[in-house]
Amino acid sequence: MAVAREANSSLHVSTRAPGPGHLPLVERVSAETVFVKAAMSEKAPLLHYRLTTSDAEPTDGSKRGRAKVGRDGRGSGEKPARKLGVLFGVVTPTLLSMFSVVVFLRIGFVVGQAGLYQSIAMFLVAYVIITMTVLSVCAISTNGALDAGGAYYMISRALGPEFGGSIGIMFFFANVCGSALYVLGLVEAIMSVFGIPEEGGAASAGPLQVLPSGYLWSVLYGTGVLFLCFLVCLVGANIYAKAAFIIFIIVTTVLVSVFISFFIVRPVGVVLPSFNSTSLTIANFTGFRLHTLQSNLLPNYTVDYTTGTMMNFATVFSVMFNGCTGIMAGSNMSGDLKNPSYSIPRGTIAAVLITFITYNLLSLLAAWSCDRCLLQKDYSFMGDINIWPPMVTIGVYSSTISAAMSNLIGASRILYALSKDNLFGGLLVLMRKTSRSGNPWASVLVSWLLVQVVLFAGKLNTIAGIVTIFFLLVYAAVNLACLALEWASAPNFRPSFRCFTWHTCTLGIIGCLVMMFLISAIYAFASIAFMLLLLMLIHYFGPISNWGYISQALIFHQVRKYLLMLDVRKDHVKFWRPQVLLMVANPRSSTGLMTFINDLKKSGLYVLGHVKLGLLDGLPSDPLQSCYESWLSLVDHLNIKAFVNLTLADSVRHGVQNLLFITGFGGMRPNTIVLGFYDDCTPQDKLQGKILVSTGYGLDTVCLTKDPREHRSPFFPSVRGTEEEKDLQEEEYVSVIADAVKMGKNVTLARYFDQFNREEVLGSGRKTAGQQSMTGPFVDVWPLNLLQPDSHGYVDTCSLFLLQLACVLQETRTWNQARLRLFLCVEAGCSMQEEEETKLRVMLKKLRISAQVQMVTWDEVVALHWQRLGGRETGNLAECAQSEEKMEQEERAQNEDGNEMFPNNAAQLTEEYICAVNNLILRHGAPRPAVRFLYLPRPPADINRYRAYLHQVDLLSRDLGPTLLIHGVTPVVTTDL
């Protein structure tokens with residue numbers, strides 16, 4: 001369809017065959033072509049699902065980030081068999097991660113520093129936070145199929161690639177630091193048994209204490225332990241899963257022995273580790289004594305003997321919280337689980353309950369039976385009081401090395417998922433390499449090297465705060481993802497796990513953020529800033545995903561709510577703004593007008609309308625669906641803020657009527673329609689040689705290329721040739737104008753906007769504005785109805801509408817240097833000249849419109865009109881007054897007529913007069929204006945006069961450059977506050 005083909009027949013509808021690679025958007029629809037497209041569109045979701053669930057080898061395109069076969073661009077052929085269930089896949093790794101360092105090496109530290117009351121409070125706070133997170137994890141994991149990547153996969157598919165990618169990197173670093181934390185915990189446990197005391201403590205060394213001590217030695221031991229973990233992970237997750245269950249049995253046995261020891265071991269003195277001292281210090285295991293419990297109830301923060309730093313609530317909590325960070329261990333194994341949606345909720349909740357009960361029981365038993373000195377100075381006291389001391393040592397070694405491997409595997413799987421999603425382009429391309437069994441050995445290698453770097457921190461408590469901050473940030477993101485899904489109220493968000501609300505998500509987010517800043521405000525700010533930096537990098541440089549954006553669902557939810565609140569009954573003229581429907585025949589010749597109207601809309605509604613000729617009868621589906629992608633790409637290319645509305649009709653007139661009836665919602669409906677002018681100018685292709693970039697494909701869209709970001713030429717038909725006939729006739733064009741006026745819409749005809757160069761006009765204005773304050777592009781306004789010289793009024797609805805649109809254009813940021821020139825046509829001998837000028841200036845002042853008023857004498861021009869009517873004198877004021885009075889009476893009669901019939905333009909205008917008016921406008925156009933605003937009279941009531949009407953408007957605006965002929969029907973200005 002077309003209605004804005006400026007400088008050419010704007011309403012001309014071409015049926016010519018398109019050029020290569022072009023799909024005609026304005027044509028008689030081919031049933032066969034539409035059938036093929038419809039079949040592809042309808043089968044796309046089913047085909048997509050089959051590819052997702054198949055085990056076929058990926059195509060060549062699957063080796064490139066987004067073009068992979070299968071869900072979310074992942075190659076289905078590379079997935080190893082999923083074999084793990086609830087116990088082996090979720091409960092076991094989660095318990096091992098949470099029972100590692102804290103349960104054996106830091107329970108005494110927490111109780112000794114914080115006391116029993118604060119220790120229980122810490123566990124309650126920590127478990128409230130992680131329980132809220134677990135509920136969110138369970139909800140997301142039971143809302144659809146879950147792939148490898150764990151929390152990263154959940155967040156990225158819920159919040160989009162920007163948030164998911166940035167949080168994924170943070171989660172990767174959290175697992176890297178967590179692995180280093182557990183390795184250092186193991187080294188600390190080894191040194192407490194086999195290490196030689198530092199600085200003069202060799203004399204008191206036992207027979208088993210043979211390992212040299214010191215920072216470098218600790219790093220060396222940690223490197224050896226980490227290399228052992230690396231070898232296991234390099235073989236694959238299946239080997240780890242099998243070994244994890246054996247380790248789990250060992251750890252369980254050790255915990256049982258610890259509980260038994262508290263009850264059956266008699267009071268005994270324990271030799272404390274000696275640091276910087278040759279003397280022996282002994283603390284007591286008293287057994288269950290009331291005075292021991294009372295002495296351990298309140299906090300007593302001291303210096304940590306391993307780091308030499310003073311402890312407080314935040315630092316102790318950061319160490320303790322690491323025992324709660326293993327809740328994602330089961331989620332990280334999502335790619336290896338038989339049924340992640342079933343296993344993750346049950347396994348994670350069970351593990352959380354078990355660890356919570358265990359930690360609180362151990363805290364109570366330790367506070368009831370151990371001196372505070374023992375708890376503060378010997379972190380491995382559980383081994384000293386055990387019925388068989390080596391038992392605890394075995395448990396510590398087993399659990400910590402298992403947790404280190406679990407985090408190392410988790411980090412490698414996250415890195416592998418990031419590389420497959422191609423969020424960072426070629427930066428992670430090497431991380432996609434896998435072994436024949438599907439193990440991502442390259443990701444394991446890189447993760448191992450980064451853990452090795454973190455090991456140089458040297459002390460467990462040094463990096464505990466960093467690890468805690470990272471995990472808290474990830475937990476907050478998981479809660480945010482679930483909260484966003486819940487708030488979006490999307491019908492497809494219906495998880496089978498329903499034990500959550502937006503309150504739990506919000507509480508989880510607030511708890512995580514508060515604890516982050518309590519632990520370390522510096523680390524919290526740094527981690528958030530790093531996450532935001534990654535988010536912006538992915539947003540601006542990352543590829544486009546087809547995962548769906550939660551922001552779109554949230555925006556839809558809010559927009560719907562506010563549209564319902566936008567009551568048209570409360571509209572007021574002082575809040576009026578232009579809401580434009582621009583009819584476009586072929587975008588190739590309309591880019592100048594499209595960008596200009598974008599400036600003119602003043603934050604109002606802007607819709608690009610297009611009519612495709614054809615009938616839906618006999619077609620299998622809507623032929624317009626395949627066109628929207630090209631139109632939206634053009635909107636992005638032109639950087640305009642516009643909607644696109646296409647319709648199918650048997651004629652242009654009916655199509656425009658359809659769009660005027662249905663476009664918009666509630667109070668956001670077009671009040672102004674813009675049409676390109678109907679003339680004989682040959683349209684020019686402004687998109688020739690241009691390249692548009694697709695914004696990506698939805699899940700249900702058929703992608704015909706391997707790379708959705710592939711550059712391609714605009715998908716629009718070629719412009720009309722010189723010899724081609726127009727399908728749209730003059731009568732139908734004027735009928736469109738008449739229909740719009742009948743429907744109460746303001747009408748604007750745009751002519752010669754193929755000559756409009758926005759960059760040149762605005763660029764020159766800004767350049768000269770820097771030299772002289774009174775320069776800039778000019779906007780000329782002729783508020784008089786020049787095709788009805790009998791009327792001398794400047795204050796009718798249409799004239800005020802012209803002034804308002806010109807003022808709106810000037811108020812936009814890009815046109816703020818423009819200057820309005822208002823031309824007032826008067827007769828030299830008319831006594832009303834000064835009075836009219838004064839009235840106009842007063843009106844402009846009241847309307848707060850800044851414009852330069854210029855008086856134009858048009859005696860010679862208007863004389864041609866009076867001579868046509870038989871007037872003997874050019875300045876016959878009596879006849880002028882009579883004609884004006886007659887026209888006013890007709891206007892009043894029309895206003896009183898409920899049917900609002902069109903007035904019959906009685907004035908018989910000659911071409912000589914109209915050409916004289918045209919020359920008058922040209923003579924007063926120095927300096928040349930950027931655009932002109934002219935008064936457009938209403939179409940005649942007689943259909944037989946449509947051709948003459950269009951011919952008169954054509955003569956009036958010929959060769960004037962970019963021109964808007966405007967007819968306003970609604971009041972748009974007010975002088976009220």
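Trainee: Where is Gly 150 found, relative to helix H3 and helix H4?
Mentor: Gly 150 sits in the loop between helix H3 (101-141) and helix H4 (151-159). Helices here are DSSP runs of H or I with at least four residues, strands are E runs of at least two, and both are numbered from the N terminus. Keep in mind that this is a predicted model, where local features need pLDDT of at least 70, side-chain atom pairs count only at pLDDT 80 or more, and totals for chains, interfaces and linings use all residues. Residues are numbered from 1 along each chain as its sequence is written, and side-chain values use heavy atoms, with hydrogens and water left out.

Trainee: Why is Gly 150 called buried?
Mentor: Its relative accessible area is 0%. Buried means under 20%, exposed over 50% and partly exposed in between, with a 1.4 Å probe and protein chains only. Gly 150 is therefore buried, given its 0%.

Trainee: What does Gly 150 touch?
Mentor: Setting aside residues up to four places away in sequence, Gly 150 touches Ser 331, Asn 332 and Ser 334. A contact means heavy atoms within 4.5 Å. As for Val 137, which is 13 residues apart from Gly 150 along the chain, the two C-alpha atoms are separated by 9.5 Å.

Trainee: What makes H4 mostly covered?
Mentor: Nine of its nine residues are buried. Among them are Tyr 152, Tyr 153, Met 154 and Arg 157. Just after H4, Gly 160 takes a positive phi of about 100°.

Trainee: Asn 407 and Ile 394 are both placed in helix H14. Why is Asn 407 buried?
Mentor: Asn 407 has a relative accessible area of 6%, so it falls in the buried class. Ile 394 comes out at 35%, so it is partly exposed. Leaving aside neighbours within four places in sequence, Asn 407 is in contact with Asn 175, Gly 178, Ser 179, Tyr 182 and Phe 471.

Trainee: How many residues of the protein chain count as buried?
Mentor: Of its 977 residues, 55% do. The chain comes to 30 helices and 14 strands. Among contacts with a separation of 6 or more, residues 24 or more positions apart account for 82%.

Trainee: What is the order of the strands in the open sheet?
Mentor: The ten strands run S5-S4-S3-S6-S9-S14-S13-S10-S11-S12, with mixed pairing. Strands S5 (643-649) and S12 (852-857) are the edges, because each has a single partner strand, and one side of each is left without a neighbour in the sheet. On average, neighbouring strands here are turned by 25° against each other, direction ignored.

Trainee: How do you know that strand S10 pairs with strand S13?
Mentor: Two strands pair if DSSP finds at least two bridges between them. Four bridges join S10 (residues 778-782) to S13 (residues 931-935), and the two run parallel. In one of these bridges, Val 781 has Phe 933 of S13 as its partner.

Trainee: Which strands does helix H21 touch as it packs on the sheet?
Mentor: H21 (residues 628-638) touches strand S4 (606-613) and S5, and its direction makes about 150° with that of S5. Axes are lines fitted to C-alpha atoms, for helices over the stretch in contact, and angles run from 0 to 180 degrees between N-to-C directions. Helix H22 (residues 652-662) packs on the sheet too, touching strand S3 (580-583), S4, S5 and strand S6 (672-676). Its direction makes about 135° with that of S5.
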